[in-house]
There are 2 protein chains.
Amino acid sequence: MRFLLTNDDGIYARGLSALYQELSKDADCLIVAPEVEQSAVGHAITLFRPLMVRRVKKDGVFLGYAVKGTPADCVKIGIRELSERPVDLVVSGINLGANVGINVIYSGTVSAATEGVIMGVPSMAISLDIHRDADFSFAARFARKIAAFMLNNYPIPHIALNVNIPALPEEEIKGVVVAKQGRARLIENFEKRTDPRENIYYWLAGETQLSDHEEVDSDACALRKGMITITPIYYDLTRYDVLDDLRERVKDVF
Amino acid sequence: MRFLLTNDDGIYARGLSALYQELSKDADCLIVAPEVEQSAVGHAITLFRPLMVRRVKKDGVFLGYAVKGTPADCVKIGIRELSERPVDLVVSGINLGANVGINVIYSGTVSAATEGVIMGVPSMAISLDIHRDADFSFAARFARKIAAFMLNNYPIPHIALNVNIPALPEEEIKGVVVAKQGRARLIENFEKRTDPRENIYYWLAGETQLSDHEEVDSDACALRKGMITITPIYYDLTRYDVLDDLRERVKDVF
């Protein structure tokens, strides 16, 4: 088995290292990850400059490829060029911080999994709901279970799994739930400042909040209750539920 | 009425100028657009550096704000900070090149409309299916019609419209169709090169192709047949059709 491992925190991130340690027990893992941190890059790809690729060693041993690009770039070039044999599974993570709610569309971690699916390879993203001092050991072990589940029990193409793990001791985790992407989002707040040359600039601040309309079966709600969430996602933004209604309205006007 | 206009080709792009000319007939239009071209940035936002904002004049008259950031940044800061009054509609475009199929998730143009919806404002993206020597006049007039349609006939929150216009003389356009996002995608091809210092680098090349499984009611197919396509989109990647099945399978394993 060949797994392609990537992330958006960069090739030296501890979460990626924890993933590699654990998944290497089942598969030959190739790391292709961004040279530098790429959070909130969304589903960006690099078209107008070349992608620099560097072989990275750790303690004298080949660790993987560092790409000066986005997580989606890493998955594209990893599958197409850098892996000398077919990739069976793309695993992106372990991200420092949850990827739930509307915020998922800003996520480099999740976009890597979506890109894997576009390339026809089963893919998953895994994130831990903490921003510092993370213990990745349980999340890495759980990633191994999900990988086995995808390969053995879930041979469905065109779907990636977005997995979020609460930052709790294993015995306090309440269970595993399949959840939909909720409406939790960044409530932004721009701080306006003036630079030494009198130019105006802004810092995007703010924090993620649950929506007032948050449904109880959403990823953000379930995660907050201490459950591991699994959300099946893909690359289609179409709002199918309104297609027929919109057709009627368009017919009347155009 | 206050419209916020943006794009991913940059504040000086002809497509944005055509949009401004036409939409200004109905509304007070504020331009907040990237300082430089931002194609294929996906739904990126800028978190780890400040956003520089510059007032831009044209022939001595205020044209709009240029932001050193992505289209999604422009919409966030435009609505939250730069518009001195509430925005009634976000319009992103007119993009040079169609935004259909899987490629939509790489699109800065479309991500601006999605961001508008996240901020609670009706939004649309409009793209013209040509890459050079574009005549934007019909597309701009059609954008005005869609804007009126959205405000008068389509008061549905949480939906953006992704509109694509064939690059044909007006009389050859076959009609207007509501389509779903298809599976047309970039079939990539990395060109491997060596720089003067013997470093390896890659250029992402390739072209967009219709999938073998492309459905006839997809955006890419309809556009190719000479129709204007309108696709209702939003920010939810959940694959709802498999939620129940996945729940059963997860229950058996975890």
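Author: Two strands pair if DSSP finds at least two bridges between them. This matters here, in a predicted model.

Reader: What makes strand 3 of chain A and strand 10 of chain B a pair?

Author: DSSP must find at least two bridges. Strand 3 (residues 51-58) of chain A and strand 10 (residues 200-209) of chain B have two bridges, in the antiparallel sense. They therefore count as paired. Met52(A) stands opposite Tyr201(B) in strand 10 of chain B.

Reader: How many residues of chain A are in contact with chain B, and what counts as contact?

Author: The cut-off is 7 Å between C-beta atoms placed from the backbone. By that test, 61 residues of chain A are in contact with 61 residues of chain B. Helix 6 (residues 243-253) of chain A gives the most to this side of chain A, with six residues. By class, the side has 40 nonpolar, eleven polar and ten charged residues.

Reader: Which residues touch the most other members of the largest nonpolar core?

Author: That core has 161 residues, and Val91(A), Ala143(A), Val91(B) and Ala143(B) touch the most other members. Leaving aside neighbours within four places in sequence, Val91(B) is in contact with residues including Phe3(B), Leu19(B), Met124(B) and Ala143(B).

Conventions:
Residues numbered from 1 in each chain as written. Chains lettered and ligands numbered in written order. Predicted model: local features only at pLDDT ≥ 70, side-chain atom pairs only at ≥ 80, totals over all residues. Contact = placed C-beta atoms within 7 Å. Helix = DSSP H or I, 4+ residues; strand = E, 2+ residues; numbered from the N terminus. Nonpolar A, V, L, I, M, F, W, Y, C, P; charged D, E, K, R; others polar. Core = buried A, V, L, I, M, F, W, Y, C linked by C-beta atoms within 7 Å. Buried ≥ 20, exposed ≤ 12 C-beta atoms within 10 Å, placed from the backbone.
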